[in-house]
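Biologist: Could we go through this structure together, beginning with the charges on its surface?

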Amino acid sequence: MLNIRPVSDLRNKFPEIEQTVLQSGEPVFLTKNGYGSMVLLSLEQYAGLTDPVERALDQADRAAELSGARLSADEVFARVRRRVHEREDV
């Protein structure tokens, strides 16, 4: 279940929010004036989201060092768009 709280709780009830994030392993969504403002995650949750991307970027950097091929930004984005559209058709 989503945990949605006003951003003022961050100031007024930080220990409670911290405990919720750390114990539940789920993010807490903060609102300001009734609209989404930010999401609080534990370091472990954040790492779980970003580590695979960082590893993929490192792998791409290593592959680029070994390859003489260079693509323009237009070529890269065209390839990405084709792959995205291929997945949508599946």
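Biologist: Which residues form the negative surface patch?

Modeller: Asp 51, Glu 54, Asp 58, Asp 61 and Glu 65 form it. Patches take residues with over 30% relative accessible area and no salt bridge, joining like charges within 9 Å and nonpolar side chains (Val, Leu, Ile, Met, Phe, Trp, Tyr) within 5 Å. Asp and Glu count as negative and Lys and Arg as positive, while His and the chain ends are not counted. The place of a charge is taken as NZ of Lys, CZ of Arg, CG of Asp or CD of Glu. Please note that this is a predicted model, in which local features need pLDDT of at least 70 and side-chain atom pairs pLDDT 80 or more, whereas totals for chains, interfaces and linings use all residues. Residues are numbered from 1 along each chain as its sequence is written, and side-chain values use heavy atoms, leaving out hydrogens and water.

Biologist: Where is Glu 54 found?

Modeller: Glu 54 belongs to helix H3, residues 43-66. Helices (H or I, at least four residues) and strands (E, at least two) are DSSP runs numbered from the N terminus. Glu 54 is partly exposed, its relative accessible area being 43%. Buried means under 20%, exposed over 50%, and partly exposed in between, with a 1.4 Å probe and protein chains only.

Biologist: And which residues form the nonpolar patch?

Modeller: Val 39, Leu 41, Tyr 46 and Leu 49 do, with about 390 Å² of accessible area together. Areas come from the Shrake-Rupley method with a 1.4 Å probe, and for residues only the protein chains shown count as cover. Leu 49 also lies in helix H3 and is exposed, at 58% relative accessible area.

Biologist: Turning to salt bridges, how many are there?

Modeller: The count is two, where a salt bridge is a side-chain nitrogen of Lys or Arg within 4 Å of a carboxyl oxygen of Asp or Glu. Arg 5, Asp 9 and Glu 16 are linked in a network of salt bridges.

Biologist: How far apart are the closest N and O atoms of Asp 9 and Arg 5?

Modeller: They are 3.0 Å apart. Asp 9 is found in helix H1, residues 8-12. Asp 9 is buried at 11% relative accessibility, and Arg 5 is buried at 10%.

Biologist: What about Glu 16 and Arg 5?

Modeller: In that salt bridge the closest N and O atoms are 2.9 Å apart. The pair links distant parts of the chain, with Glu 16 in helix H2 (residues 14-24) and Arg 5 in strand S1 (residues 3-6), eleven residues apart. Glu 16 is partly exposed, with 40% relative accessible area.

Biologist: A change of topic: what is the phi of Asn 33?

Modeller: The phi of Asn 33 is near 55°, a positive value in a residue other than glycine. Most residues other than glycine have a negative phi. Asn 33 sits in the loop between strand S2 (28-32) and strand S3 (35-40).

Biologist: Is Asn 33 buried or exposed?

Modeller: Asn 33 is exposed, with a relative accessible area of 70%.

Biologist: And is Val 28 buried or exposed?

Modeller: Val 28, in strand S2, is buried at 1% relative accessibility. Its C-alpha atom is separated by 5.1 Å from that of Asn 3, although Val 28 and Asn 3 are 25 residues apart along the chain.
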